[in-house]
Amino acid sequence: MADQEIFEDHLAGYAQILANACATGRRLSRDELESLRVRGERAAEAGIGLRLLVRAQLTAAQAVRPELSNQAAEHLLAVVEQAVDAFAAGHERAQRLAVRQEEAARREFIDDLLYGRSDLGRLAQRAERFGLLLSHAHAVAVAQGPEPYEDGFPVSRQVESALIARFGHRSILLTTKDGRLICIAPADQDEVLGFFAKQAYAATDGGRVAIGRAHPGAGGVVHSYEEALNALELATTMDLPDPVLRAADLLVYPVLTRDRQAMKDLVESVLGPLSQARGGAQPLLDTLTAYFDTGCVAAEAARRLSLSVRAMTYRLDRIRRLTGADPGDPVHRYTLQTAVIGARLMGWPEQKWGSAHAN
(Lines give C-alpha, C1' and ligand atoms only; values in the text may rest on other atoms or scores of the structure.)
Protein backbone atom coordinates (compact mmCIF):
# COMPACT_ATOMS: atom_id res chain seq x y z
CA MET A 1 0.00 0.00 0.00
CA ALA A 2 1.36 3.43 -0.97
CA ASP A 3 1.90 6.19 1.58
CA GLN A 4 -0.87 8.24 -0.05
CA GLU A 5 -3.40 5.48 0.52
CA ILE A 6 -2.34 5.16 4.14
CA PHE A 7 -2.78 8.92 4.57
CA GLU A 8 -6.28 8.78 3.13
CA ASP A 9 -7.44 5.67 4.99
CA HIS A 10 -5.67 5.90 8.37
CA LEU A 11 -3.98 9.29 8.79
CA ALA A 12 -6.75 11.68 7.80
CA GLY A 13 -6.57 14.67 10.19
CA TYR A 14 -3.26 13.41 11.67
CA ALA A 15 -1.32 16.47 10.52
CA GLN A 16 -3.88 18.76 12.15
CA ILE A 17 -3.59 16.88 15.45
CA LEU A 18 0.18 17.43 15.42
CA ALA A 19 -0.15 21.08 14.49
CA ASN A 20 -2.71 21.82 17.22
CA ALA A 21 -0.59 20.20 19.94
CA CYS A 22 2.57 21.98 18.79
CA ALA A 23 0.85 25.36 18.61
CA THR A 24 0.21 25.38 22.37
CA GLY A 25 3.14 23.16 23.41
CA ARG A 26 0.79 20.66 25.04
CA ARG A 27 0.77 16.88 25.13
CA LEU A 28 -1.78 14.95 23.13
CA SER A 29 -5.11 14.63 24.90
CA ARG A 30 -6.58 11.35 26.09
CA ASP A 31 -9.19 11.44 23.31
CA GLU A 32 -6.55 12.14 20.67
CA LEU A 33 -4.38 9.27 21.89
CA GLU A 34 -7.33 6.85 21.89
CA SER A 35 -8.25 8.00 18.39
CA LEU A 36 -4.73 7.20 17.22
CA ARG A 37 -4.81 3.79 18.93
CA VAL A 38 -8.03 2.97 17.10
CA ARG A 39 -6.41 3.97 13.81
CA GLY A 40 -3.47 1.71 14.63
CA GLU A 41 -5.89 -1.18 15.24
CA ARG A 42 -7.69 -0.59 11.95
CA ALA A 43 -4.39 -0.40 10.10
CA ALA A 44 -3.37 -3.76 11.57
CA GLU A 45 -6.74 -5.26 10.61
CA ALA A 46 -6.16 -3.96 7.07
CA GLY A 47 -2.85 -5.81 6.95
CA ILE A 48 -0.59 -2.72 7.13
CA GLY A 49 2.70 -3.47 8.86
CA LEU A 50 3.90 -1.30 11.71
CA ARG A 51 7.07 -0.20 9.89
CA LEU A 52 5.07 1.06 6.92
CA LEU A 53 2.65 2.84 9.24
CA VAL A 54 5.43 4.59 11.19
CA ARG A 55 7.12 5.66 7.96
CA ALA A 56 3.86 7.27 6.81
CA GLN A 57 3.55 9.06 10.16
CA LEU A 58 7.08 10.46 9.90
CA THR A 59 6.37 11.61 6.35
CA ALA A 60 3.25 13.42 7.59
CA ALA A 61 5.25 15.03 10.40
CA GLN A 62 7.87 16.28 7.93
CA ALA A 63 5.10 17.88 5.89
CA VAL A 64 3.82 19.69 8.98
CA ARG A 65 7.22 21.04 10.03
CA PRO A 66 7.52 23.96 7.56
CA GLU A 67 4.12 25.32 8.61
CA LEU A 68 5.09 25.64 12.29
CA SER A 69 6.79 28.51 14.04
CA ASN A 70 10.27 27.85 15.39
CA GLN A 71 8.93 27.58 18.94
CA ALA A 72 6.15 25.17 17.90
CA ALA A 73 8.55 23.10 15.79
CA GLU A 74 10.70 22.45 18.84
CA HIS A 75 7.74 20.56 20.34
CA LEU A 76 7.05 18.47 17.23
CA LEU A 77 9.37 15.60 18.08
CA ALA A 78 7.76 15.03 21.48
CA VAL A 79 4.27 15.05 19.96
CA VAL A 80 5.26 12.66 17.16
CA GLU A 81 6.77 10.32 19.75
CA GLN A 82 3.43 10.23 21.60
CA ALA A 83 1.53 9.71 18.36
CA VAL A 84 3.76 6.88 17.14
CA ASP A 85 3.51 5.19 20.52
CA ALA A 86 -0.32 5.40 20.40
CA PHE A 87 -0.44 4.03 16.84
CA ALA A 88 1.91 1.19 17.85
CA ALA A 89 -0.16 0.37 20.95
CA GLY A 90 -3.31 0.05 18.86
CA HIS A 91 -1.53 -1.96 16.20
CA GLU A 92 -0.15 -4.39 18.80
CA ARG A 93 -3.56 -4.63 20.49
CA ALA A 94 -5.11 -5.74 17.21
CA GLN A 95 -2.28 -8.20 16.60
CA ARG A 96 -2.69 -9.77 20.04
CA LEU A 97 -6.41 -10.11 19.49
CA ALA A 98 -5.81 -11.74 16.10
CA VAL A 99 -3.34 -14.18 17.66
CA ARG A 100 -5.79 -15.09 20.41
CA GLN A 101 -8.56 -15.59 17.87
CA GLU A 102 -6.27 -17.77 15.74
CA GLU A 103 -5.26 -19.79 18.79
CA ALA A 104 -8.90 -20.22 19.79
CA ALA A 105 -9.83 -21.35 16.27
CA ARG A 106 -6.88 -23.75 16.21
CA ARG A 107 -7.77 -25.18 19.63
CA GLU A 108 -11.42 -25.60 18.63
CA PHE A 109 -10.35 -27.39 15.44
CA ILE A 110 -8.01 -29.71 17.33
CA ASP A 111 -10.70 -30.57 19.87
CA ASP A 112 -13.21 -31.28 17.11
CA LEU A 113 -10.64 -33.32 15.17
CA LEU A 114 -9.43 -35.50 18.03
CA TYR A 115 -12.89 -36.05 19.50
CA GLY A 116 -14.54 -36.68 16.14
CA ARG A 117 -16.93 -33.76 16.51
CA SER A 118 -18.31 -31.49 13.79
CA ASP A 119 -19.44 -32.31 10.26
CA LEU A 120 -16.67 -34.26 8.53
CA GLY A 121 -16.89 -32.20 5.34
CA ARG A 122 -16.58 -28.93 7.21
CA LEU A 123 -13.84 -30.40 9.37
CA ALA A 124 -11.85 -31.30 6.25
CA GLN A 125 -12.19 -27.73 4.96
CA ARG A 126 -11.00 -26.28 8.27
CA ALA A 127 -8.09 -28.75 8.32
CA GLU A 128 -6.58 -27.24 5.16
CA ARG A 129 -6.15 -23.95 7.03
CA PHE A 130 -3.89 -25.78 9.48
CA GLY A 131 -1.94 -27.71 6.87
CA LEU A 132 -3.76 -31.06 6.89
CA LEU A 133 -5.39 -32.78 3.92
CA LEU A 134 -7.86 -35.14 5.53
CA SER A 135 -8.58 -36.86 2.24
CA HIS A 136 -5.25 -38.63 2.88
CA ALA A 137 -4.47 -41.17 5.58
CA HIS A 138 -2.80 -39.87 8.75
CA ALA A 139 -1.21 -41.34 11.84
CA VAL A 140 -0.98 -39.78 15.29
CA ALA A 141 1.82 -39.93 17.84
CA VAL A 142 1.20 -39.00 21.49
CA ALA A 143 3.94 -38.26 24.02
CA GLN A 144 3.51 -37.93 27.74
CA GLY A 145 6.06 -37.12 30.40
CA PRO A 146 6.33 -36.68 34.14
CA GLU A 147 4.41 -33.38 33.97
CA PRO A 148 1.67 -31.92 31.73
CA TYR A 149 2.63 -29.81 28.70
CA GLU A 150 0.75 -27.05 26.90
CA ASP A 151 1.31 -25.00 23.75
CA GLY A 152 4.14 -22.54 24.27
CA PHE A 153 5.83 -24.53 27.03
CA PRO A 154 9.63 -24.93 26.63
CA VAL A 155 9.25 -28.65 25.89
CA SER A 156 6.61 -27.97 23.21
CA ARG A 157 8.74 -25.26 21.59
CA GLN A 158 11.84 -27.46 21.67
CA VAL A 159 10.12 -30.34 19.89
CA GLU A 160 8.44 -28.02 17.38
CA SER A 161 11.73 -26.27 16.55
CA ALA A 162 13.43 -29.62 15.98
CA LEU A 163 10.65 -30.79 13.64
CA ILE A 164 10.68 -27.56 11.62
CA ALA A 165 14.48 -27.62 11.36
CA ARG A 166 14.40 -31.20 10.09
CA PHE A 167 11.31 -31.28 7.89
CA GLY A 168 10.38 -27.65 7.27
CA HIS A 169 6.67 -26.78 7.09
CA ARG A 170 5.34 -30.06 5.76
CA SER A 171 1.75 -31.14 6.29
CA ILE A 172 2.40 -31.73 9.98
CA LEU A 173 0.31 -30.59 12.92
CA LEU A 174 2.00 -30.38 16.31
CA THR A 175 -0.18 -29.54 19.29
CA THR A 176 -0.99 -30.45 22.88
CA LYS A 177 -4.03 -32.07 24.41
CA ASP A 178 -4.72 -32.96 28.05
CA GLY A 179 -1.09 -32.27 28.97
CA ARG A 180 0.36 -34.48 26.23
CA LEU A 181 2.31 -33.60 23.08
CA ILE A 182 0.60 -34.69 19.87
CA CYS A 183 1.94 -34.95 16.32
CA ILE A 184 -0.30 -35.66 13.32
CA ALA A 185 1.45 -36.55 10.06
CA PRO A 186 0.52 -38.09 6.69
CA ALA A 187 0.75 -41.87 6.53
CA ASP A 188 3.54 -41.74 3.94
CA GLN A 189 5.77 -39.71 6.27
CA ASP A 190 6.42 -42.23 9.01
CA GLU A 191 9.90 -40.77 9.48
CA VAL A 192 8.25 -37.63 10.87
CA LEU A 193 6.54 -39.54 13.69
CA GLY A 194 9.72 -41.50 14.39
CA PHE A 195 11.69 -38.27 14.67
CA PHE A 196 8.96 -36.72 16.83
CA ALA A 197 9.11 -39.73 19.14
CA LYS A 198 12.87 -39.39 19.51
CA GLN A 199 12.70 -35.65 20.20
CA ALA A 200 9.74 -35.91 22.57
CA TYR A 201 11.37 -38.72 24.54
CA ALA A 202 14.47 -36.59 25.04
CA ALA A 203 12.60 -33.34 25.73
CA THR A 204 10.25 -34.89 28.30
CA ASP A 205 13.19 -36.32 30.23
CA GLY A 206 12.42 -39.95 29.59
CA GLY A 207 8.71 -39.78 28.84
CA ARG A 208 6.90 -42.31 26.72
CA VAL A 209 5.60 -42.03 23.17
CA ALA A 210 2.93 -44.10 21.43
CA ILE A 211 2.24 -44.09 17.68
CA GLY A 212 -1.17 -45.10 16.35
CA ARG A 213 -1.70 -46.83 13.02
CA ALA A 214 -2.46 -44.80 9.90
CA HIS A 215 -6.13 -44.51 8.91
CA PRO A 216 -7.88 -42.50 6.18
CA GLY A 217 -10.10 -39.47 6.61
CA ALA A 218 -11.00 -37.29 9.58
CA GLY A 219 -12.34 -40.32 11.42
CA GLY A 220 -9.00 -42.01 10.84
CA VAL A 221 -7.21 -39.30 12.82
CA VAL A 222 -9.52 -39.96 15.78
CA HIS A 223 -8.95 -43.72 15.46
CA SER A 224 -5.17 -43.34 15.34
CA TYR A 225 -5.22 -40.93 18.30
CA GLU A 226 -7.29 -43.35 20.39
CA GLU A 227 -4.94 -46.20 19.49
CA ALA A 228 -1.99 -44.15 20.72
CA LEU A 229 -3.77 -43.29 23.97
CA ASN A 230 -4.71 -46.93 24.51
CA ALA A 231 -1.10 -47.94 23.91
CA LEU A 232 0.07 -45.51 26.60
CA GLU A 233 -2.51 -46.86 29.04
CA LEU A 234 -1.55 -50.42 28.19
CA ALA A 235 2.13 -49.64 28.73
CA THR A 236 1.35 -48.42 32.24
CA THR A 237 -0.88 -51.40 33.04
CA MET A 238 1.57 -53.96 31.69
CA ASP A 239 4.67 -52.07 32.85
CA LEU A 240 6.09 -52.25 29.33
CA PRO A 241 9.71 -51.01 29.27
CA ASP A 242 9.85 -49.61 25.73
CA PRO A 243 9.94 -45.78 25.55
CA VAL A 244 8.38 -45.80 22.07
CA LEU A 245 5.35 -47.98 21.43
CA ARG A 246 3.55 -48.70 18.17
CA ALA A 247 -0.09 -49.66 18.33
CA ALA A 248 0.48 -52.10 15.46
CA ASP A 249 2.82 -54.12 17.70
CA LEU A 250 0.31 -54.32 20.54
CA LEU A 251 -2.77 -55.61 18.74
CA VAL A 252 -2.62 -58.93 20.56
CA TYR A 253 -3.64 -57.27 23.83
CA PRO A 254 -7.04 -55.92 22.78
CA VAL A 255 -7.67 -59.24 21.04
CA LEU A 256 -7.03 -61.10 24.29
CA THR A 257 -9.42 -58.91 26.25
CA ARG A 258 -12.15 -58.58 23.63
CA ASP A 259 -14.11 -61.28 25.43
CA ARG A 260 -13.46 -60.16 28.99
CA GLN A 261 -15.62 -62.85 30.58
CA ALA A 262 -13.71 -65.58 28.76
CA MET A 263 -10.42 -64.04 29.89
CA LYS A 264 -11.67 -63.83 33.49
CA ASP A 265 -12.63 -67.51 33.33
CA LEU A 266 -9.15 -68.37 32.04
CA VAL A 267 -7.38 -66.38 34.76
CA GLU A 268 -9.51 -67.85 37.53
CA SER A 269 -9.22 -71.38 36.20
CA VAL A 270 -5.47 -71.33 35.53
CA LEU A 271 -4.10 -68.90 38.11
CA GLY A 272 -6.79 -69.06 40.82
CA PRO A 273 -5.01 -71.90 42.67
CA LEU A 274 -1.99 -69.58 43.24
CA SER A 275 -4.08 -67.81 45.90
CA GLN A 276 -3.54 -70.88 48.11
CA ALA A 277 0.19 -70.11 48.36
CA ARG A 278 1.63 -68.51 51.48
CA GLY A 279 1.70 -64.78 50.77
CA GLY A 280 -1.04 -65.02 48.17
CA ALA A 281 -0.92 -65.15 44.40
CA GLN A 282 0.99 -61.93 43.67
CA PRO A 283 4.56 -63.18 44.32
CA LEU A 284 4.01 -66.21 42.10
CA LEU A 285 2.34 -64.07 39.44
CA ASP A 286 5.40 -61.78 39.49
CA THR A 287 7.56 -64.91 39.14
CA LEU A 288 5.70 -66.00 36.01
CA THR A 289 5.80 -62.46 34.58
CA ALA A 290 9.58 -62.22 34.98
CA TYR A 291 10.05 -65.76 33.67
CA PHE A 292 8.11 -65.12 30.48
CA ASP A 293 9.53 -61.61 29.99
CA THR A 294 13.06 -63.05 29.99
CA GLY A 295 12.26 -65.71 27.43
CA CYS A 296 11.89 -68.43 30.11
CA VAL A 297 15.48 -68.05 31.31
CA ALA A 298 15.26 -68.85 35.02
CA ALA A 299 18.63 -67.30 35.92
CA GLU A 300 17.77 -63.95 34.31
CA ALA A 301 14.29 -63.97 35.86
CA ALA A 302 15.83 -64.65 39.27
CA ARG A 303 18.18 -61.67 38.82
CA ARG A 304 15.26 -59.37 37.96
CA LEU A 305 13.39 -60.48 41.07
CA SER A 306 16.53 -60.34 43.26
CA LEU A 307 16.19 -64.05 44.00
CA SER A 308 18.65 -66.88 44.00
CA VAL A 309 18.33 -69.37 41.15
CA ARG A 310 17.41 -71.98 43.74
CA ALA A 311 14.56 -69.82 45.07
CA MET A 312 13.40 -69.19 41.51
CA THR A 313 13.36 -72.91 40.76
CA TYR A 314 11.40 -73.54 43.94
CA ARG A 315 8.78 -70.97 42.95
CA LEU A 316 8.39 -72.43 39.46
CA ASP A 317 7.93 -75.86 40.98
CA ARG A 318 5.40 -74.48 43.44
CA ILE A 319 3.45 -72.98 40.51
CA ARG A 320 3.48 -76.31 38.71
CA ARG A 321 2.15 -78.14 41.75
CA LEU A 322 -0.59 -75.60 42.46
CA THR A 323 -1.84 -75.13 38.90
CA GLY A 324 -0.98 -78.45 37.36
CA ALA A 325 0.71 -76.55 34.51
CA ASP A 326 4.48 -76.63 34.00
CA PRO A 327 5.93 -73.23 32.90
CA GLY A 328 8.77 -75.07 31.22
CA ASP A 329 6.47 -77.19 29.07
CA PRO A 330 5.76 -75.58 25.65
CA VAL A 331 2.13 -76.77 25.66
CA HIS A 332 1.41 -75.48 29.17
CA ARG A 333 3.51 -72.33 28.65
CA TYR A 334 1.12 -70.72 26.17
CA THR A 335 -1.89 -71.16 28.46
CA LEU A 336 0.01 -69.86 31.47
CA GLN A 337 1.44 -66.87 29.62
CA THR A 338 -1.95 -65.92 28.18
CA ALA A 339 -3.49 -66.13 31.65
CA VAL A 340 -0.66 -64.00 33.09
CA ILE A 341 -1.22 -61.32 30.45
CA GLY A 342 -4.96 -61.38 31.18
CA ALA A 343 -4.30 -61.04 34.92
CA ARG A 344 -2.08 -58.01 34.38
CA LEU A 345 -4.53 -56.38 32.00
CA MET A 346 -7.46 -56.78 34.38
CA GLY A 347 -5.71 -56.14 37.68
CA TRP A 348 -5.89 -59.64 39.14
CA PRO A 349 -5.42 -60.58 41.96
CA GLU A 350 -6.06 -57.07 43.41
CA GLN A 351 -9.50 -57.12 41.80
CA LYS A 352 -11.37 -60.14 43.07
CA TRP A 353 -14.06 -61.78 40.95
CA GLY A 354 -15.25 -64.32 43.47
CA SER A 355 -12.88 -67.06 42.35
CA ALA A 356 -13.99 -70.51 43.30
CA HIS A 357 -10.36 -71.36 44.01
CA ALA A 358 -9.86 -68.74 46.69
CA ASN A 359 -9.92 -69.93 50.29
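In which loop is aspartate 205 found? In this predicted model, where local features need pLDDT of at least 70, side-chain atom pairs count only at pLDDT 80 or more, and totals for chains, interfaces and linings use all residues, residues are numbered from 1 along each chain as its sequence is written. Side-chain values use heavy atoms, with hydrogens and water left out. Aspartate 205 is found in the loop between helix H9 (190–203) and strand S4 (208–211); helices (H or I, at least four residues) and strands (E, at least two) are DSSP runs, numbered from the N terminus. The phi angle of aspartate 205 is near 55°, a positive value in a residue other than glycine. With a relative accessible area of 67%, aspartate 205 is exposed (buried means under 20% relative accessible area, exposed over 50%, partly exposed in between; 1.4 Å probe, protein chains only).

A positive phi, near 55°, also occurs at aspartate 178, again a residue other than glycine. Aspartate 178 lies in the loop between strand S2 (173–177) and strand S3 (180–186) and is exposed, its relative accessible area being 53%. Most residues other than glycine have a negative phi, and most peptide bonds are trans. A cis peptide bond, with omega about 10°, joins tryptophan 348 and proline 349. Proline 349 is found in the segment after helix H16 (330–346).

Beyond its neighbours within four places in sequence, leucine 271 is in contact (heavy atoms within 4.5 Å) with residues including Leu285, Leu336, Val340 and Trp348.

Three aromatic pairs are found in a search of the whole structure. Rings of Phe, Tyr and Trp (its six-membered ring) pair if their centres lie within 6.5 Å; planes under 30 degrees apart count as stacked, over 60 as edge-to-face and the rest as tilted. The pair of tyrosine 14 and phenylalanine 87 is edge-to-face, because the ring centres are 5.8 Å apart and the planes are at 75°. This pair links distant parts of the chain, 73 residues apart: tyrosine 14 is in helix H2 (residues 14–24) and phenylalanine 87 in helix H6 (residues 76–115). Tyrosine 14 counts as buried, at 0% relative accessibility, and phenylalanine 87 counts as buried at 0%. The pair of tyrosine 291 and phenylalanine 292 is tilted, with centres 5.8 Å apart and planes at 55°; both tyrosine 291 and phenylalanine 292 are buried.
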